[in-house]
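Biologist: Hey, can you walk me through a structure? I'd like to hear about helix packing and ring pairs.

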Amino acid sequence: MSLRSNFARLLKKQAGSSSLKVPKRPAHSVAVVGAPFSRGQKKGGVDHGPAAIRNAGLAAKLSGLGCQLCDLGDLNFPQVPNDELYNKLVRYPRTVGLACQVLADTVNGAVASGHNCVTIGGDHSLAVGSISGHARHYPHLCVIWVDAHADVNTPLTTSSGNLHGQPVSFLLRELQDKVPVLPGFSWLKPCLSRSDIVYIGLRDVDPAEHYILKNYDIQYFSMRDIDRLGIHKVMERTFEHLLGRVQRPIHLSFDIDAFDPTLAPATGTPVRGGLTYREGMYISEEIHNTGLLSAVDLVEVNPLLAASQQEVNATAHLAVDVIATCFGQTREGAHLVFDELPTPSSPDESDSEEQIRM
């Protein structure tokens, strides 16, 4: 079955109607895909992220912005039996590799059918699938990676064995000779060059990751850079780097831990000194204003790591605001397009009736 026909089948199932046709893309036709990845990391709970984000009102927010919404539900990612460690360290390589392949097929089908694709996770290892699937349809795409972490360790440099700290290394062509072919990942081909990605919000970078960023000349803006330059200049330079020579589709991969933990406490690897609410929304607003956004990942919302339901709600609502801002919500007011004020066509009362009433 082709990717397009498989995606059409998913849409029909979601709508409960065999007569549903894959719609052509209006201003914002958004396909939402739940990717409850949890095997890329040691801690559990991040697989509850998609449900938390939906429960925080994602569908209502996007519909209120005039988006045509198709929620495809959560993908099913089976656990591979006897999924042994790679190199006695890397966890669940076969399970994560297979899940990424399923997600890649789904994202490619969504984009090929004319939709913006929003993938809600789940841990950040899912970006291997979402970005590679997106790149099948738009091989010239670029990536804005908003995160406290660089996630560019290789399976040979990781100290934790968590695949959610390694996805970018699998995607970069320049690292192809440094990344072994893990069991479960034989389907994957690197789809990004170093000039195709910009990091924003870094503040917890491992030694090997720092070496990669510096020696491979990958553009990044740490929190220190944001303090020094301001978020406005950071976004200007990001677009100059990625879009200065050619306009191309943007894939935004946004880890909720990019925000300060006071704003997003329900996440697995919080780091102090993160983005403010205003900085995070500005990033999404500016990406929306380019008119080039094609796909979004929102990852690492983990309800089980929250100290209270209030923390879950705060983190999930923040995730919804990031996504909604990508599709037109603004701090000037999240409104549908309003083209013209109404004018009175006829009075409700005649002058004589008004005099009698008074």
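Predicted model: local features only at pLDDT ≥ 70, side-chain atom pairs only at ≥ 80, totals over all residues.

Biologist: How do α4 and α5 cross?

Modeller: The axes of α4 (residues 93-112) and α5 (residues 127-137) come within 7 Å and cross at roughly 40 degrees. They're therefore oblique (angles under 35 degrees are roughly parallel, over 145 roughly antiparallel, 65 to 115 roughly perpendicular, the rest oblique).

Biologist: Which residues meet there?

Modeller: Among them are Cys 100 and Leu 103 in α4, and Val 128 and His 134 in α5. Contact means heavy atoms within 4.5 Å.

Biologist: New topic: how many aromatic pairs are there?

Modeller: Four. Rings of Phe, Tyr and Trp (its six-membered ring) pair if their centres lie within 6.5 Å; planes under 30 degrees apart are stacked, over 60 edge-to-face, the rest tilted. Trp 145 and Tyr 199 have ring centres 6.4 Å apart and planes at 65 degrees, so they're edge-to-face.

Biologist: Where do those two sit in the fold?

Modeller: Trp 145 is in strand β4 and Tyr 199 in strand β5, so the pair ties together parts 54 residues apart in sequence.

Biologist: And how are Phe 170 and Phe 185 arranged?

Modeller: Their ring centres are 4.8 Å apart with planes at 20 degrees, so that pair is stacked.

Biologist: Is Phe 185 buried or exposed?

Modeller: Phe 185 is buried, at 5% relative accessible area (buried is under 20%, exposed over 50%, partly exposed in between, with a 1.4 Å probe and protein chains only).

Notes
Residues numbered from 1 in each chain as written. Heavy atoms only, no water. Axes fitted to C-alpha atoms, helices over the stretch in contact; angles between N-to-C directions. Helix = DSSP H or I, 4+ residues; strand = E, 2+ residues; numbered from the N terminus.
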